[in-house]
Amino acid sequence: MSPQPQAAVGAAVSRVDARLRVTGQAKYAADNNPDGVVHAVIVDSSVGRGRITGIDTRAAEAQKGVLKVISHLNAPELPPVEGQWPPGKPLRAFQDDRIRFFGQPVAVVVAATLEVAQHAASLVKVSYDAQRPATDLAAADPADEPETYARGDADEALDSAPVRLEMTYRTARNHHNAMEAAGVVARWDGDKLTLWEKSQGAQFAAHAMSDALGMPQDDIHVIAPFIGGAFGNAMRTWVHSVIAAVAAREVQRPVKLALTRRQLYFGVGYRPAYEYELSLGSNRRGRLTASAHDVRAETSRFETHIEDVLAPGRMLYSTPNVRQAYRHVPLDVNTPTYMRGPGYASGAFPVESAMDELAHELGLDPIELRLRNEPADDESSGLPFSTRRLRECYRVGAREFGWERRRPKPRSRREGDWLIGMGMAAGVYDTARSQSQTSVRLDADGTALLQAATADMGVGTATSMTQLAADALGLPMRRVTFRLGDSRLPPAPGHYGSQTMASVGSAVQDGCDKLRRQAIELAVGDEESPLHGVDPAGIVVRGGRLHVQDDPARGETYQQLLARNNRTHLEAMGSYAGAPETEKFSLYAYAATFAEVAVDARLGLVRVRRMVGVYDAGRIISPALADSQALGAMTGGIGQALLEHTVTDHRDGRIVNANLADYLVPTHADIPELKAIYIDGEDYEADPIGVKGLGEVVIVGVAPAIANAVFNATGRRIRELPIKPEALL
């Protein structure tokens, strides 16, 4: 059939739900107040390891308005839960007296009002047989068996390399700190449970709660249409959701439970800290001959979290000999989880910093070194790249940033007390795709409704899907509604891993194409239609009107067609099969980030002055949303590079800076001139709509670009994040 005109895709449009969000009409999880709702407040452990020896709840229970205090002494028994992510199993709530990490829930108070619940929770007295927890990654022993990868003989190649560098890099634990704190409202209707929950995957949440409570998944309804930011911390279901459900069943009332800002630091996961030893070998012309990567990563003792921190070092550059080992370090902490650019953002810092170190050692421009090591194929899989426009990213970025003005010699550019430097880094993130379905319905009034159980944590899912659907159906965007965030809608993957546009978008395209063809076939076969007998391949739809592509005057509207045929609606189910079992191509999105910094020579303070990011991310459906993603990620990367750092008191496992006053995140004053550029080019090997994920790759490489700029400014090599003033004095 003739290709549909594209009016919405590629246009800079406003978000379809913007008015709801800015006027306060959008309901987030904790905004829901079903009839009879009461409030729950969690009592947290004040030790990092040990056992509970006693709980005194008498003072709390004596407070007027307190309905119940639940702990391991009186909690209902829950079924054992085996397995880990995906989709993630929540810690069993109040099932024994063991303390596994500081801040672990040990009791919950349910009361008529939040104020009473908060006060009563402060009156619960808990005694412990406390042990000293192990919370220091540097001091703890790793698990026995590492995860490994190898090609060639890295050790022999390193021994014989004309140039060899050995470095150790460290990255701090980071917390997500989304604007919306984690919250849930639980209501039982007989044996059926409704949860209004902050969740990046309503169906995943229903599955996890089914396992945790030992009940059929079909009896659990999860509702999450609006999310106030998440960055990964709402990908899995955490123990507070189980606690809310248990409490609601115990008191036979709907229960609302919202974590405090402090509780987020030990209640919903974080980006884990890493120690990354890296050795590079090359010839004197800068061609890499070998690399060895040894990683230590924190995880909890009761679960093993792993992410692709080694992926950039495995495939980003042509290297014939590679050895890698990933060692889990079990600690007395809550379980880490994925955070924006998971694995890749952490792994890019050592790899891209080391490439900069090698370029300086050899007297090469950092871009030239990278170009000399561009691979022809993915050497980790042996597959050809579907697309790899990284060379173009370097070229465009260098031109737009003004890379030719960079002075190779460190400390050679100064403005008063400020040392000025430029740096760059590459980024990469894999292109994930999963099975998805979307229902599409066109009503007789010419409006369309699409539904899928996907989510939107603030990136604009509903808007981009509406743009795609509007063009596929030939309707104005205002006549298309996309409904999401409900576990009872057609199945979709969780909103994570930059897979939503490729997965759900492909199902949207399929469903809209099917429905449009239905309408065209109905018109062609209708003797009263102006399109009767026309070749369907020559018909397009624009503005809700079907017409012959070469004869726009010959046609009719959807409304006219459906009314004449006594049809109340047309409907179709769009589907996408996801990634094949065996890939034919290596599928990644790429980035090149350029940064200019100023460093106060006397104080060691670093200020980012400007940044340019260039991305090979396939077809861009919504430029405005893409910019929001890219500029937001640059901001997050500034935080990762210069500010964000979780401080733990290793004596008891307490997080010292569990608040936004002491855990620093970028503010407006920290954000300079930012610019995002997208390389033209679809990737139809990846998916039917030619897109690649954008939300993750845009942060990968930001921190090392800043660190490399700091070296260019100061001559001080940075091997630990965040970059602290004392490292530069």
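Which residues is Asp 356 in contact with, leaving aside its neighbours within four places in sequence? In this predicted model, the answer is Pro 366, Arg 370, Asn 708, Phe 711 and Arg 717.

**Nonpolar cores**

- The largest nonpolar core has 91 residues, and those that touch the most other members are Phe 594, Val 597, Tyr 615, Ile 706 and Ile 723.
- Leaving aside neighbours within four places in sequence, Ile 723 is in contact with Val 606, Ala 641, Leu 642, Ile 706, Ala 707, Val 710, Ile 718 and Leu 728.

**Cavities**

- A search of the whole structure finds 8 cavities of 30 Å³ or more, and the largest cavity has a volume of about 180 Å³.
- The largest cavity is lined by 20 residues, of which Phe 101, Trp 238, Val 239, Phe 266 and Gly 267 are the closest to its centre.
- Strand S1 (38-44), helix H6 (239-251) and helix H7 (264-267) are the elements that give two or more residues to the lining of the largest cavity.
- Sorted by class, the lining of the largest cavity has 10 nonpolar, 6 polar and 4 charged residues.

**Buried residues and cysteines**

- Asp 356 counts as buried because its relative accessibility is 4%, which is under the 20% cut-off.
- Gly 427 lies in strand S17, which covers residues 418-430, and Gly 427 is buried, with a relative accessible area of 0%.
- Leaving aside neighbours within four places in sequence, Gly 427 is in contact with Ala 589, Tyr 590, Ala 591, Val 697 and Val 700.
- From C-alpha to C-alpha, Gly 427 and His 176 are 21 Å apart in space, and they are 251 residues apart in sequence.
- Cys 393 is buried at a relative accessible area of 0%, and Cys 512 likewise counts as buried at 0% relative accessibility.
- A search of the whole structure finds 0 disulfides.

**A partly exposed loop residue**

- Ile 306 has its place in the loop between strand S14 (288-300) and helix H8 (311-315), where Ile 306 counts as partly exposed at 33% relative accessibility.
- Although Ile 306 and Glu 147 are 159 residues apart along the chain, their C-alpha atoms are separated by 9.7 Å.
- Glu 147 is also among the contacts of Ile 306, which, leaving aside neighbours within four places in sequence, include Tyr 326, His 328 and Tyr 338 as well.

**Backbone features**

- The peptide bond that runs from Leu 721 to Pro 722 is cis, with omega near 0°, and Pro 722 is found in the segment after strand S30 (720-721).
- Phe 231 is not a glycine, yet it has a positive phi of about 60°; Phe 231 lies in the loop between strand S11 (220-223) and H6 and is partly exposed, with a relative accessible area of 36%.
- Arg 411, also not a glycine, has a positive phi of about 65°; the place of Arg 411 is in the loop between helix H11 (390-401) and strand S16 (414-415), and Arg 411 counts as partly exposed at 48% relative accessibility.

Notes:
Residues are numbered from 1 along each chain as its sequence is written. This is a predicted model: local features need pLDDT of at least 70, side-chain atom pairs count only at pLDDT 80 or more; totals for chains, interfaces and linings use all residues. Side-chain values use heavy atoms; hydrogens and water are left out. A disulfide is a pair of cysteine sulfur atoms within 2.5 Å. Buried means under 20% relative accessible area, exposed over 50%, partly exposed in between (1.4 Å probe, protein chains only). On a 1 Å grid over the protein atoms alone, a cavity is a set of points where a 1.4 Å probe fits but cannot get out, and a pocket is an open set with protein on both sides within 12 Å along at least five of seven lines; lining residues have an atom within 4 Å of a point. Grid points are joined across faces, edges and corners, and a volume is the space filled by probe spheres set on the points. Helices (H or I, at least four residues) and strands (E, at least two) are DSSP runs, numbered from the N terminus. Ala, Val, Leu, Ile, Met, Phe, Trp, Tyr, Cys and Pro count as nonpolar, Asp, Glu, Lys and Arg as charged, and the others, Gly among them, as polar. A nonpolar core is a set of buried Ala, Val, Leu, Ile, Met, Phe, Trp, Tyr and Cys residues joined through side-chain atoms within 4.5 Å. Contact means heavy atoms within 4.5 Å.
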